[in-house]
Amino acid sequence: MIAASALLTLPADATAWPDWVRDLLDGHLTDAARLREELRALPAPAPGDTAGRDRVLRLWDEIGGHLRGAAAPAELFVNVHPDPEVRARCEEASARVVALDTEIGQDREIYALLGALDREGLDEDHLVLLDRALREFRRAAVDRDDRTRERVKELARRAVELGQDFDRTVRDDVRTVRVRPDQLEGLPQDWIEAHTPDADGLITLTTDYPDLVPVRTFARDRGARTAITQAWMRRGWPDNQRTLADLLSTRDELARTLGYADWPSYDAEVKMIGRGDAIPEFIDRISVLAQDRALADREQLLTRLRQDEPHADGLTTADTLYYTQVLSQELHAVDAQEVRSYLAFDKALAGVLDVTSRLLGIDWTPVPDAPVWHEEVLTYDAHVDGDLIGRIYLDLHPREGKFGHAAMFELVAGVRGGALAQGALACNFSKGYLEHSQVTTLFHEFGHLVHHVLGGRGPFARHSGVATEWDFVEAPSQMLEHWAWEPDVLATFATDDEGRPIPRELVERMHDADGLGRGLHVRRQMSLAAMSYWMHARPAEDLDAQKDELTARYDLVAHPADTHFHTSFGHLNGYSSGYYTYMWSLVIAEDMFSSFEQQDLMAAGPARRYRERVLERGGHRPAAELVETLLERPRSEDAFRRWLQS
């Protein structure tokens, strides 16, 4: 059993955080620089010198482990820590990580040392490590002239700074709207009771999810829905317009300096898709598949809208959530508020912990006295077969200065015989009741967390956990969403205030209603993917005009007037040109889901195979190989096509 001392322990004293973060991040960067010099000093192993070759590869991985050891907590704490000084130190460290990583990636001595290694007898894990290392050296301009290499360093540093500026602006820009109480008719009673009018008789709403999602879903008043949607889609404006333009041009120059046609060509090289120009091909193919379904969806929602608003010009994104739930109730007798009454937050969280435990063999043990960065953060240790394999932190409610969406962040990358995996969920759920879509989100984000923890026992830190191709990383999470729809699974935690489980027939009606708007959803995702791709492939002078053109081409539902969604579309930084990832991964997720017993999703055999063949392998094998090993056949789009038409 690995000792608990392999866990990174956070400060118990709030005043200690700034120095602790500085020491942690500086320590990793110092160790990476020291090991770099140690690696440079090693003699080239002679052919057949297995020990020497292993030493070289092990040192190379340890350098990467320290770089990741600095980058991961810096990214986490800049998004969740309440202390501005801690966030500032993390931002500064993130820039230094990129600078050192680029410098090491341009080290010709290490490149030559790795390139000369004898490949004979290397196992697959070591071969993958070596081949990826040589590729990353080439992508860092190791074989280019000094002037080019210096320019690459400068552009990489500049891209990080601009990305941080973009994210910080979005994170800090929580907007408000004020509405009359009568404009909130249709909202759940517990939500209304928590929102009292001010001295002017008005209620203030914020663009944080606990207000945004219920109002867009339940408010009968179109003006209220439109007002909060407009406020949400204006975040980051106008500051991020220039920041984004600079970020796009910096990435474009970086890619071209390295000899690529554009940024997507550079970015896609290390993903499953392989080629930048394959991205628009995928977007257009999926868009065509969804076209007929999406047009029918739009007509259905628009017809229902005009029953209430006869003079409405057309459907907007302020209408789709509301009228989808209206039609769910009218056509399938699914009352979203009735469903919500079974989904108290505490029970939903307990349910996700229980389901992932039973399904994947993880025992979650609460650690109530563990030091954390905020009093609301929950901590659990993860055990498998009696062995401690990691720790998770759950930061699940909104607060000022915190990341505003839902995501899993690494804290520590696990490695066999060394550090234990640690990760955190940063979400923004209500403390009361959840919509079913939010429960699905909770399952989704837990999919990332279990992938990170279970994949943290491999031989190399560089390939630990979710360090797989970025257009595969969403697939395990998207697949886990299916368990949020299984009647027997929901019945274990979805209970009303009297403890009665959600009725099976209600869940079956929810299944029937789930297809409402599915074609529009796919086209919306392809619109975002197109924005992500084309803003990077062909950055425009007028980003608003480019956003409008791509929305009109792909989305089929207009944005409300005078909005600038791209200035708060965080994936333009994090995923850059690769937002297609979500739909690409969904195709794979539906295919993988077919390997489970559809009549018993908790069956041990399929779950065990999935854990061993996919999750526990982390990034140590190409994702395509992991999927085909699980399925025992080539990948297919058939399951996705059935899902799209269901």
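Ground rules, for my own reference. I am working from a predicted model, in which local features need pLDDT of at least 70 and side-chain atom pairs count only at pLDDT 80 or more, while totals for chains, interfaces and linings use all residues. I number residues from 1 along each chain as its sequence is written, and side-chain values use heavy atoms, with hydrogens and water left out.

Entry on the overall fold. I find 26 helices and seven strands in the protein chain; these are DSSP runs, H or I of at least four residues for helices and E of at least two for strands, numbered from the N terminus. The radius of gyration is 25 Å, close to the 26 Å from the globule rule for 646 residues, so the chain is as compact as a globular protein of that length. The radius is taken over C-alpha atoms, and the rule is 2.2 Å times the number of residues to the power 0.38. Along the principal axes, the C-alpha atoms fill a box of roughly 80 × 55 × 55 Å.

Entry on the cores. I looked up the largest nonpolar core and found 136 residues, with Phe446 and Trp483 having the most contacts inside it. Such a core is a set of buried Ala, Val, Leu, Ile, Met, Phe, Trp, Tyr and Cys residues joined through side-chain atoms within 4.5 Å. Apart from this core lies another of 50 residues, among them Leu10, Leu57, Ala70 and Val377. Setting aside residues up to four places away in sequence, Trp483 touches Val355, Phe443 and Phe593, among others. Contact means heavy atoms within 4.5 Å.

Entry on Leu205. I place Leu205 in strand 2, residues 203-206. Leu205 counts as buried because its relative accessibility is 0%. Arg175 is 30 residues from Leu205 in sequence and 8.3 Å from it in space, C-alpha to C-alpha. Beyond neighbours within four places in sequence, the contacts of Leu205 include Arg175, Trp191, His195 and Ile228.

Entry on Ile279. I place Ile279 in helix 12, residues 278-308. Ile279 counts as buried, with 1% relative accessibility. Between Ile279 and Ser265 I note 14 residues in sequence and 9.4 Å in space, C-alpha to C-alpha. With neighbours within four places in sequence left aside, Ile279 is in contact with Ala268, Ile273, Tyr533, Ser577 and Tyr580.

Notes: Buried < 20%, exposed > 50% of the residue type's maximum accessible area, 1.4 Å probe, protein only.
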